[in-house]
Amino acid sequence: MNPFVAPDRILISPSPQDMRAGIHRLSAIIATEFSQDPLDGSLYVFVSRDACKCKLLRFDANGWCMYYCYLAEGVFKWTPGQDGILLSIERRQLFWLLDGLDILQEDAFAPVTARAFL
């Protein structure tokens, strides 16, 4: 089970979360606070209050998968949003976040959308 293999959606929590929370508490937060179905195949991203720890949670066909990421240097460049509204991000923004880069880079290249090779 790999959460990076084409998740349907990638959603990031708008508020910092307690990193002591496990799969059951995080899935309850998804269901109650965000009114989402935690079993829908989406990848849910939670960032800690100090912004140096991150948990990724996804339900796949066989069960739950949770990854924990801790930055040795720096912090996750993530701006909290409105409470109760999950922020939808692209896959490339997730990789930026995990690399410690800002997910809202204004000077980033536009995503490649061409489907044909010349």
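This is a predicted model: local features need pLDDT of at least 70, side-chain atom pairs count only at pLDDT 80 or more; totals for chains, interfaces and linings use all residues.
Which residue takes a positive phi in the hairpin of strand 2 and strand 3?

**View 1. The hairpin of strand 2 and strand 3, with Ala-51 in its loop.** Five residues lie between the two strands of this hairpin, and the residue with the positive phi is Ala-51, near 60 degrees. Most residues other than glycine have a negative phi. Ala-51 has its positive value although it is not a glycine. With a relative accessibility of 12%, Ala-51 falls under the 20% cut-off and therefore counts as buried.

**View 2. Ser-48, a buried residue of the loop between strand 2 (43-47) and strand 3 (53-60).** Is Ser-48 buried or exposed? Its relative accessibility is 3%, so Ser-48 counts as buried. The Ser-48 side chain makes a polar contact of 2.5 Å with the side chain of Asp-50. Leaving aside residues up to four places away in sequence, Ser-48 touches Pro-16, Gln-17, Met-19, Lys-53 and Trp-78.

**View 3. Strand 3 and its two antiparallel partners, strand 2 and strand 4.** Follow Cys-54 to see both pairings. On one side, Val-47 stands opposite Cys-54, and strand 2 is joined to strand 3 by four bridges. In strand 4 (residues 63-70), Cys-69 is the bridge partner of Cys-54, and eight bridges join strand 3 to strand 4. Strand 3 and strand 4 also form a hairpin, with two residues between them.

**View 4. The largest nonpolar core, made of 16 residues.** The members that touch the most other members are Ile-12, Val-45, Leu-56, Phe-76, Leu-94 and Leu-97. Two or more residues of this core come from each of strand 1 (10-12), strand 2, strand 3 and helix 2 (91-98). A second, separate core holds eleven residues, including Leu-11, Ala-21, Ile-30 and Leu-86. In soluble globular proteins, nonpolar side chains tend to be buried together.

**View 5. Helix 2 and the strands that its buried residues pack against.** Which residues of helix 2 are buried? They are Gln-93, Leu-94, Trp-96, Leu-97 and Leu-98. An α-helix has 3.6 residues a turn, so residues three or four places apart point the same way. The buried residues of helix 2 pack against strand 1, strand 2, strand 3, strand 4 and strand 5 (87-89). Gly-100, which follows helix 2, has a positive phi near 85 degrees.

**View 6. Gly-22 and Lys-55, 33 residues apart in sequence.** Gly-22 lies in the loop between strand 1 and helix 1 (23-32). How far apart are Gly-22 and Lys-55 in space? From C-alpha to C-alpha, the distance is 9.4 Å. Gly-22 has a relative accessible area of 28% and so is partly exposed.

**View 7. Ser-35, an exposed residue with a positive phi.** Ser-35 sits in the loop between helix 1 and strand 2. Its phi is near 55 degrees, a positive value in a residue other than glycine. With a relative accessible area of 60%, Ser-35 is over the 50% cut-off and therefore exposed. For Ala-51, back in View 1, the positive phi belongs to a residue that counts as buried.

Methods. Residues are numbered from 1 along each chain as its sequence is written. Side-chain values use heavy atoms; hydrogens and water are left out. Buried means under 20% relative accessible area, exposed over 50%, partly exposed in between (1.4 Å probe, protein chains only). A polar contact is a pair of N or O atoms within 3.5 Å; within protein, one must be able to donate a hydrogen and the other to accept it, and residues adjacent in sequence count only if both atoms are side-chain atoms. Contact means heavy atoms within 4.5 Å. Two strands pair if DSSP finds at least two bridges between them. A nonpolar core is a set of buried Ala, Val, Leu, Ile, Met, Phe, Trp, Tyr and Cys residues joined through side-chain atoms within 4.5 Å.
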